[in-house]
Amino acid sequence: MAFYRQMGDIPKKRHTMFRKADGTLYREQVMGTKGFSGIQSILYHHHPPTAVSKAEVHAKFDIEFEEQGALRHRHLLTGGCADMGDAVDGRRYMLGNEDVLIAVANAAQSMDYYYRNGDGDELLFVHEGTGRVETMFGTLHYRPGDYIVIPIGTIYQVIPDEGVSKLLAVETNSWITTPKRYRNPHGQLLEHSPFCERDFRGPEQLDTHLECGEFEVRTKSRGFIHSHTFDHHPFDVVGWDGYLYPWIFNIGDFEPITGRIHMPPPIHQTFEGNNFVICSFVPRLYDYHPEGIPAPYFHSNVDSDEVLYYVKGNFMSRKGVTEGSITLHPSGIPHGPHPGKIEDSIGKKETMELAVMIDTFRPLRVVKQALQYEDDRYMYSWCAAPPETTPTV
Ligand SMILES: [Fe+2]
């Protein structure tokens, strides 16, 4: 997040003596991206963040993808997924490539360990549920519609309130930022941006934990989940400042950009990373040209794969999708509105659809485990007379 923020106690000048009440020094940690050239924060710990008493491999992080079949549009009905443990261990991976992994989690339990993604930033979209994310930078409370951005290396724990937190997780190998075209050279959001600084929430409170004991921090890195044991609580930070910290943007605060004729998907863009973008489709007024067609035209994503996660409302161009549906329209073949949806959209004034779109610039693959949720007739749902049985792919 390119906005300066400070919480707790920090010394007047960086890299100078900063002492506890007993006269010993706090331990300063500079945490930054791009080899001291990207955004960073400076944290002050009670204990050295390097004081690990045990390092083990917890598990291999092995995602098994399906074999390539015929190129086709895909539909995964994730709404039927059962409640599945906690917000990290309970992730069910659906799609992925070298740049992103897309998973869903119906988190009914709190994590009983701490976690950090050592490969890249993570984004958690809250479909349903409330709770909190406790981090080394402080605590953030979440609610439906929140995009929670967790920077690489941030130690965190997700604690759902009573009930299930239904999450869409995007794990990356890069950084998640707002689109550059909406920022001036100083990083401030411009007037044509669909959101502004007032819409972002950082950590709300910083609780400094001084407990000692055994604390497991799991770290995802290099194809494995590693387990590091600390003899002190990992959230022992007394203060920090900088530009790197977890933050939240609620999709309800996305102010849609509309026009007289159909506007292209980049108007929905909310985030970007290396080789992907994330967009928000929110309730909005339709195009107002008297002869306009609000539904999108058929289109070919010549060099990008398009994923839609349906949150709620009737999606204007699709039939058969439900809350929690994920569709994948791959590059190489065109896609567009379902039969009848173009005609249906004419004369309509507004849509109440809510969806998250992830476009990737390298091909996605479907995770083998996700095939159990697939509607394998989706590819033929544009056909006037769909085949009786699903052809072998
Ligand atoms: Fe599309």
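A residue is called buried when its relative accessible area is under 20%. The legends below use this term for a predicted model.

**Figure 1. A salt bridge between Arg-91 and Glu-171 joins two buried residues.** In this predicted model, the closest N and O atoms of the two side chains are 2.7 Å apart. Arg-91 belongs to the loop between strand S5 and strand S6 (92-96), whereas Glu-171 belongs to strand S14 (residues 165-172); the two residues are 80 residues apart, and the pair links distant parts of the chain. Both Arg-91 and Glu-171 are buried. Side chains of opposite charge can pair when their charged atoms come close.

**Figure 2. Glu-374 and Arg-74 meet in a salt bridge.** The N to O distance in this pair is 2.6 Å. Glu-374 and Arg-74 are both buried. The structure holds 11 salt bridges.

**Figure 3. Arg-218 and Glu-216 form a salt bridge through their side chains.** Here the distance from N to O is 3.1 Å. Arg-218 counts as buried because its relative accessibility is 11%. Glu-216, at 23% relative accessibility, counts as partly exposed. Elsewhere, salt bridges that share partners join Arg-91, Glu-122, Glu-171 and Lys-220 into one network.

**Figure 4. The iron ion is held by protein donors from His-299, Glu-306 and His-335.** The NE2 atoms of His-299 and His-335 and two OE atoms of Glu-306 lie 2.0 to 2.3 Å from the iron ion. The four donor atoms subtend angles of 57 to 171° around the iron ion, and the arrangement is therefore irregular. For comparison, the ideal angles at a metal are 109.5 degrees for four tetrahedral donors. In sequence, the donor residues follow the spacing H-x6-E-x28-H. His-299 lies in the loop between strand S22 (284-285) and strand S23 (305-312), and His-335 in the loop between strand S24 (325-329) and helix H1 (341-345); this pair, 36 residues apart, links distant parts of the chain. Both His-299 and His-335 are buried.

**Figure 5. Strand S21 (residues 276-281) is mostly covered.** Six of the six residues of S21 are buried. In a regular strand the side chains alternate between the two faces of the sheet. Strand S20 (residues 269-273) pairs with S21 in the antiparallel sense over four bridges, and Glu-272 has Val-277 as its bridge partner in S21. S20 and S21 form a hairpin with two residues between them, and Asn-275 in the turn has a positive phi of about 70°. S21 is also joined by six bridges to strand S26 (residues 354-360), which runs antiparallel to S21; in S26, Ile-358 is the bridge partner of Ile-278.

**Figure 6. Four strands form an open antiparallel sheet in the order S1-S18-S3-S2.** Strand S1 (5-8) and strand S2 (27-32) are the edge strands, each pairing on one side only. Neighbouring strands of the sheet are turned by 15° against each other on average, direction ignored. Strand S3 (residues 40-45) and strand S18 (residues 237-242) run antiparallel and are joined by five bridges. His-45 has Val-237 as its bridge partner in S18.

Conventions: Residues are numbered from 1 along each chain as its sequence is written. Side-chain values use heavy atoms; hydrogens and water are left out. Two strands pair if DSSP finds at least two bridges between them. Axes are lines fitted to C-alpha atoms, for helices over the stretch in contact, and angles run from 0 to 180 degrees between N-to-C directions. Donors are N, O and S atoms within 2.8 Å of the metal (3.2 Å for Na, K and Ca); water is not among the atoms, so sites may look incomplete. Four donors count as tetrahedral if all angles lie between 85 and 135 degrees; four count as square planar and six as octahedral if opposite donors are over 155 degrees apart and all others between 65 and 115; anything else is irregular. Buried means under 20% relative accessible area, exposed over 50%, partly exposed in between (1.4 Å probe, protein chains only). A salt bridge is a side-chain nitrogen of Lys or Arg within 4 Å of a carboxyl oxygen of Asp or Glu.
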